[in-house]
Amino acid sequence: MSVTLHTNLGDIKIEVFCDTAQRTAFNFLALCASGYYDGTSFHRNIKGFMIQGGDPTDTGKGGESIWGGAFQDEFHPDNTHDKRGWFPWPTLGQIPTNRMFGRVLDGWDVLDQMERLPVEGEAATKKKNKHRPINPPVIKSVTIHANPLADENIIYPTKDGPPQKL
């Protein structure tokens with residue numbers, strides 16, 4: 001399963017782990033299909049560590065799941081942030097961490113460009129904007145290439161209930 005993020009700097013193709021992070025993948029794919037990420041920016045850039053985006057409030061503190069809020073954390077031992085290119089969904093649990101539900105397949109050159117963008121740095125008027133790109137890259141649209149959850153008619157009707165097959 002994969003999606004392509006079409007950004008103003010180029011395309012990034014991402015593998016989505018529908019097998020090991022089903023609820024997170026379902027939420028992400030539903031948001032992609034609705035156009036939720038279209039026009040959102042990458043608002044945080046810490047070179048060599050992460051580039052954060054997809055929040056419609058452009059702050060890193062907003063946005064919602066398809067269920068209207070936080071949802072059950074999903075962790076899998078194979079999905080750990082141990083190298084560049086992992087694709088996380090933030091958790092809201094006691095321990096700040098991320099659910100890894102995908103990884104970059106292609107578009108490393110675009111990721112390189114994003115990492116090289118100048119950030120506000122020490123001149124930022126607010127400390128939280130220290131890693132904010134001066135000209136943030138933007139997600140123009142998202143293409144879903146395949147969705148095995150939809151193909152198998154698997155849905156998650158509630159944020160914490162079991163999956164259902166239609």
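**Close-up views of a predicted model**

**View 1. E15 and R103 meet in a salt bridge.** The closest N and O atoms of E15 and R103 are 2.6 Å apart; a salt bridge here is a side-chain nitrogen of Lys or Arg within 4 Å of a carboxyl oxygen of Asp or Glu. E15 belongs to strand 2 and R103 to strand 6 (residues 98-106), so this contact ties together parts that are 88 residues apart in sequence. Helices (H or I, at least four residues) and strands (E, at least two) are DSSP runs, numbered from the N terminus. R103 is partly exposed, with a relative accessible area of 36%. For this and the other views, buried means under 20% relative accessible area, exposed means over 50%, and partly exposed lies in between (1.4 Å probe, protein chains only).

A word on what you are looking at: this is a predicted model, in which local features need pLDDT of at least 70 and side-chain atom pairs count only at pLDDT 80 or more, while totals for chains, interfaces and linings use all residues. Residues are numbered from 1 along each chain as its sequence is written, and side-chain values use heavy atoms, with hydrogens and water left out.

**View 2. Strand 1 and strand 2 form a hairpin.** Strand 1 (residues 2-7) and strand 2 (residues 10-16) pair in the antiparallel sense over six bridges; two strands count as paired if DSSP finds at least two bridges between them. Two residues lie between the strands of this hairpin. To find your way along the pairing, look for S2, which stands opposite E15 in strand 2.

**View 3. D58 and R132 form another salt bridge.** The count for the structure comes to three salt bridges. In this one, the closest N and O atoms are 2.5 Å apart. D58 sits in the loop between strand 4 (50-53) and strand 5 (86-90), and R132 in the loop between helix 2 and strand 7 (139-144), so that distant parts of the chain, 74 residues apart, are linked. D58 is partly exposed at 26% relative accessible area, whereas R132 is buried at 16%.

**View 4. K130 and E122 also meet through their side chains.** Their salt bridge has an N to O distance of 3.1 Å. K130 counts as partly exposed, at 33% relative accessibility, while E122 is exposed, with a relative accessible area of 67%.

**View 5. F26 and Y156 form a tilted aromatic pair, one of seven aromatic pairs in the structure.** Rings of Phe, Tyr and Trp (its six-membered ring) pair if their centres lie within 6.5 Å; planes under 30 degrees apart count as stacked, over 60 as edge-to-face and the rest as tilted. Here the rings are 5.6 Å apart, centre to centre, with 55° between the planes. F26 lies in helix 1 (residues 22-34) and Y156 in the loop between strand 8 (154-155) and strand 9 (164-165), so the pair ties together parts that are 130 residues apart in sequence. F26 is buried, with a relative accessible area of 16%, and Y156 is buried too, at 6%. Look also for the aromatic cluster formed by F28, Y36, Y37, F87 and F101.
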